[in-house]
Amino acid sequence: QQFVRNEFPHDHSPTRQRHTYWTSAIARDRLYQLSLADLPPIHGFPTSSLQEWSEYRQFGLRSAAAYLLVFDLNCPESFVHIKHLRDQIHESRDLHEVALL
């Protein structure tokens, strides 16, 4: 919601279920339609489609075209967690074809 609508509520409400937001962006004179999925925190990136289906059904983690990993600046542990997720994505997916921000 923050990235799409530029809304920054004073009270943070953690994501409990998947929400999809649609927006457009222009880059290099091309218009792109973006679908951003806001997901609840995950403990680890699924290493197989079966694991994704059983633990993170309908999240679309292994089929995403890009990943935007967000952490809490006030919580060093969240940065460490995101680093581990990044490493797991790198091990599980071919990063030459998937953007990781």
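## Helix α3

The expected span of a helix is 1.5 Å times one less than its number of residues, and helices (H or I, at least four residues), like strands (E, at least two), are taken here as DSSP runs numbered from the N terminus. Helix α3 has 17 residues and reaches 25 Å from its first C-alpha to its last, which is close to the 24 Å expected at 1.5 Å a residue. This is a predicted model, in which local features need pLDDT of at least 70 and side-chain atom pairs count only at pLDDT 80 or more, while totals for chains, interfaces and linings use all residues. Residues are numbered from 1 along each chain as its sequence is written, and side-chain values use heavy atoms, with hydrogens and water left out.

## Salt bridges

Side chains of opposite charge can pair when their charged atoms come close. With a salt bridge defined as a side-chain nitrogen of Lys or Arg within 4 Å of a carboxyl oxygen of Asp or Glu, the count comes to two. Asp87 forms a salt bridge with Lys83, the closest N and O atoms being 3.5 Å apart, and the side chain of Asp87 also meets that of Arg86 in a salt bridge with an N to O distance of 3.0 Å. Through shared partners, these salt bridges join Lys83, Arg86 and Asp87 into one network.

Asp87 and Lys83 are four residues apart in helix α3 (residues 76–92), and are therefore separated by about one helical turn.

## Aromatic pairs

A pair of aromatic rings is described by the distance of the centres and the angle of the planes. Rings of Phe, Tyr and Trp (its six-membered ring) pair if their centres lie within 6.5 Å, and planes under 30 degrees apart count as stacked, over 60 as edge-to-face and the rest as tilted. The structure holds three aromatic pairs. In one of them, the rings of Phe45 and Tyr67 have their centres 5.8 Å apart and their planes at 80°, so the pair is edge-to-face.

This pair links distant parts of the chain, since Phe45 lies in the loop between β2 (30–38) and α2 (49–55), whereas Tyr67 lies in strand β3 (residues 66–67), 22 residues apart. Phe45 and Tyr67 are both buried.

Thr15 lies in the loop between α1 (2–5) and β1 (19–27) and is buried, with a relative accessible area of 19%. The side chain of Thr15 makes a polar contact with the side chain of Asp38 at 3.0 Å; a polar contact is a pair of N or O atoms within 3.5 Å, where, within protein, one must be able to donate a hydrogen and the other to accept it, and residues adjacent in sequence count only if both atoms are side-chain atoms. Leaving aside neighbours within four places in sequence, Thr15 is in contact (heavy atoms within 4.5 Å) with Asp38, Leu39, Pro40 and Pro41.

Ser54 lies in helix α2 and is partly exposed, with a relative accessible area of 48%. A polar atom of the Ser54 side chain lies 3.2 Å from the backbone oxygen of Gln51.

Note on methods. Buried < 20%, exposed > 50% of the residue type's maximum accessible area, 1.4 Å probe, protein only.
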